[in-house]
Amino acid sequence: MRSILLLPVLTGLLAGCTLGPNYAGPPKALPDAPTPATFVRADGTSVTAAPPVADWWKPLGDPLLDDLIARALASNTDVAAGEARLRQARAALGQERANAGPSVSASALYAHAHVPGLDLGSSDTGSGGEGSGEGGGGSTDLNLYNLGFNASWEVDLFGGQRRAVEAARASLEGAEASLADVQVSLAANVAKSYLDLRDRQQRMALGQQSIAWQEEALVLTRQRLERGTATAMEVAQAEGQLASARAQIAPLAAERDAFLNALAVLTAQAPGTLDASLGAGGEIPLPPASVPVGDPARLIANRPDIRAAERQLAADTARIGQAEAARFPRLSFMGLIGIGGTRISDLSKLDDFTALAAPQLSWSFLDFGRSKAKVRQTEAVRDEAEARYRGAVLTALRDAEDSLARFREDRVTVAALARASEKAALTESLTAQRFQAGTATKVALLDARRSRSSAEQNLVSARAALTADYVAIQKALGLAWR
């Protein structure tokens with residue numbers, strides 16, 4: 001009995017072999033890392049980027065946007081699904097850790113047997129009692145009572161279970177990174193929808209103002225036609241301009257409603273819920289004078305989708321060891337301790353128990369290549385994960401470079417359109433002075449106002465695009481979530 005009990009201890013001392021490759025960290029995705037990213041301030045001076053911050057929307061200075069992002073992060077359904085996946089991964093890790101230990105269960109047994117044709121001896125207790133026999137018929141009735149515990153344990157000789165725990169831990173960390181990726185994308189989507197909403201609202205307001213001026217210009221042109229100072233062609237042109245201005249409002253209104261609905265759904269509310277609070281319009285928040293970016297090394301370390309891809313690579317590497325261990329012998333132990341007998345009173349005899357310990361060695365050495373094929377399959381899965389990781393790194397660097405380039409060029413565009421808007425406002429002011437002096441017509445003044453409104457609409461769109469580029473930079477950075 002002592003030899004049997006010592007066998008698991010000796011086997012555990014020998015179970016120090018772990019098959020499969022050891023994960024040595026993510027592979028190098030680029031031969032040479034590029035230099036830290038830079039961009040241009042509004043005043044034209046070049047600035048080397050500083051480390052970015054996590055709450056990147058706060059510098060925009062819009063309390064409504066801050067509230068929308070906070071509500072989305074707290075209640076969005078995609079975040080809830082990501083949190084559920086994280087709990088699943090955490091439970092899976094706990095399960096794999098538990099699988100490394102023994103399995104113990106309790107059992108209670110009652111059995112009654114009637115065996116004909118077998119005479120185990122007569123009894124004066126009468127038929128039907130415990131252990132009673134019917135000598136005349138040559139049959140026996142038996143009752144059996146038993147309480148016990150049984151245990152089983154498989155020795156992790158070749159590290160298959162240790163690799164399973166390693167893979168589960170990497171999957172858990174990957175689920176954490178995936179949740180952070182959902183949060184980063186969600187914050188960016190809320191900000192982008194909010195910017196699009198404010199852009200459409202401001203352009204609609206300017207468009208409605210332009211329609212009013214077009215209507216007034218049409219009335220004046222028709223009056224001039226009646227007096228013989230305008231032609232029918234001029235009236236037709238004014239009518240065409242008015243129809244064109246009205247036609248531009250309808251798609252803007254549809255897009256405004258769509259962005260209101262999008263913001264409601266992103267914050268886990270029914271479409272139309274935010275119409276009252278956001279429908280009145282508002283200013284477009286502008287990015288700060290300088291945008292901290294960081295360097296490519298920091299980008300690779302912080303972006304959640306890259307972390308998730310790297311953790312998937314680590315998990316798939318560990319699973320190769322699982323497949324390798326399955327090719328070798330498996331050693332398991334089974335133990336049983338029980339008390340009981342043919343009478344209920346036998347359950348109280350604690351010093352009279354049954355004990356059994358049985359080691360078992362099994363090895364599927366002839367499986368016609370199934371185990372080897374499984375190993376090759378896991379190796380191919382690992383290779384796919386490595387390729388996906390390299391692709392994620394390259395995609396991240398491209399996203400960062402593209403968003404920085406757009407941000408830099410859109411700053412130039414905004415500055416040019418701002419100057420154009422100032423010139424249009426100056427033209428309107430000078431035309432108004434000429435109208436007051438009687439040297440310009442009311443139609444000319446209305447044309448100047450329409451030109452200024454058009455310039456302002458272009459500037460509004462450019463400002464919204466610039467702030468959207470700022471949002472794209474933050475999404476490309478994939479800042480580490482807190």
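Predicted model: local features only at pLDDT ≥ 70, side-chain atom pairs only at ≥ 80, totals over all residues.
Figure 1. The side chain of R330 meets that of E154 in a salt bridge, with 2.8 Å from N to O. R330 belongs to strand β6 (residues 330-341) and E154 to strand β5 (residues 139-155), so this pair ties together parts that are 176 residues apart in sequence. E154 is also partly exposed, its relative accessible area being 38%. The R330 and E154 pair is a salt bridge, and a search of the whole structure finds 27 salt bridges.

**Figure 2. The salt bridge between R200 and E255.** The closest N and O atoms of R200 and E255 are 2.4 Å apart, and the two residues form a salt bridge. Because R200 lies in helix α4 (residues 160-227) and E255 in helix α5 (residues 232-266), the contact ties together parts that are 55 residues apart in sequence. R200 is buried, with a relative accessible area of 13%, whereas E255 counts as partly exposed at 31% relative accessibility. The two residues fall into separate classes because the limit for buried is under 20% relative accessible area.

**Figure 3. The salt-bridge network around R200 and E255.** R200 and E255 are linked with D199 and R203 in a network of salt bridges. Within this view, the R200 to E255 contact has its closest N and O atoms 2.4 Å apart. The buried member R200 has a relative accessible area of 13%.

**Figure 4. The salt bridge between D257 and R256.** D257 forms a salt bridge with R256, and their closest N and O atoms are 3.1 Å apart. D257 counts as partly exposed, at 35% relative accessibility. R256 counts as partly exposed as well, at 24% relative accessibility.

Figure 5. W363, F365, L366 and F368 make a nonpolar surface patch of about 570 Å². L366, one of these residues, is found in the loop between β7 (353-362) and α9 (370-437). The relative accessible area of L366 is 58%, and L366 is exposed. That class applies because exposed means over 50% relative accessible area.

Definitions and conventions. Residues numbered from 1 in each chain as written. Heavy atoms only, no water. Patch = residues over 30% accessible without salt bridge, like charges linked within 9 Å, V, L, I, M, F, W, Y side chains within 5 Å. Areas by Shrake-Rupley, 256 points an atom, 1.4 Å probe, with all protein chains shown as cover. Salt bridge = Lys/Arg side-chain N within 4 Å of Asp/Glu carboxyl O. Helix = DSSP H or I, 4+ residues; strand = E, 2+ residues; numbered from the N terminus. Buried < 20%, exposed > 50% of the residue type's maximum accessible area, 1.4 Å probe, protein only.
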